[in-house]
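Please look at the structure before reading on.

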Amino acid sequence: KYWNSSKKLAAWKLTLITLCGVAIGATGAGVNYFVDLLCAWKLNIVYNLMAVKNIAGAFFAYQFVSLFFGLLSASCCIWQPAAAGSGIPEIIALLNGMNFNECFSVRVLLAKFVAMILSVSA
């Protein structure tokens, strides 16, 4: 038996584990797609400026867009302060019996998702 449980319960546990893995994989693929999209957009701006021999403009455009992405990423953490950390201490506290309702919400997940995309793209 799987952890001393019935076959139906064991199948349910394995289904939930599989769904968690698929959700994590889809999240990683989404982050990778949006990071590639934003980096391509940023580099397209730089290449267009370099094509017209505006080297200084390309340099400052690259710096400005990177700074803009970084500031947007920081504003996500200002909007949801619980999204600022890695989340590992919150998970450890949850497993030890503490209850943090504000750390495990959809808004915090969205803020972490968007901030991660923006900070990697910067």
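Are H1 and H4 oblique to each other, or roughly parallel? The model is predicted, so local features need pLDDT of at least 70 and side-chain atom pairs count only at pLDDT 80 or more, while totals for chains, interfaces and linings use all residues. Residues are numbered from 1 along each chain as its sequence is written, and side-chain values use heavy atoms, with hydrogens and water left out.

The axes of helix H1 (residues 7-51) and helix H4 (residues 106-121) come within 9 Å and cross at roughly 40 degrees; H1 and H4 are therefore oblique to each other. Here helices are DSSP runs of H or I with at least four residues, numbered from the N terminus, and axes are lines fitted to C-alpha atoms over the stretch in contact, with angles from 0 to 180 degrees between N-to-C directions. Angles under 35 degrees count as roughly parallel, over 145 as roughly antiparallel, 65 to 115 as roughly perpendicular and the rest as oblique.

The contact (heavy atoms within 4.5 Å) involves residues of H1 including Thr 27, Val 31 and Phe 34, and residues of H4 including Phe 113, Met 116 and Ile 117. By class, this contact of H1 with H4 holds 10 nonpolar, three polar and one charged residues, where Ala, Val, Leu, Ile, Met, Phe, Trp, Tyr, Cys and Pro count as nonpolar, Asp, Glu, Lys and Arg as charged, and the others, Gly among them, as polar.

With H2 (residues 55-79), the axis of H1 comes within 7 Å and crosses at roughly 160 degrees, which makes H1 roughly antiparallel to H2. Among the residues in this contact are Trp 41 and Leu 49 of H1 and Tyr 62 and Phe 69 of H2.

Two pockets can be set side by side; a pocket is an open set of points on a 1 Å grid over the protein atoms alone, where a 1.4 Å probe fits, with protein on both sides within 12 Å along at least five of seven lines, and lining residues have an atom within 4 Å of a point.

| Pocket | Volume |
|---|---|
| Largest pocket | about 200 Å³ |
| Second largest pocket | about 150 Å³ |

H4 supplies the largest share of the lining of the largest pocket, six residues, whereas H1 gives the most to that of the second largest pocket, also with six residues. Thr 27 and Met 116 are among the residues lining the largest pocket, and both also line the second largest pocket.

Conventions
Helices (H or I, at least four residues) and strands (E, at least two) are DSSP runs, numbered from the N terminus. Grid points are joined across faces, edges and corners, and a volume is the space filled by probe spheres set on the points.
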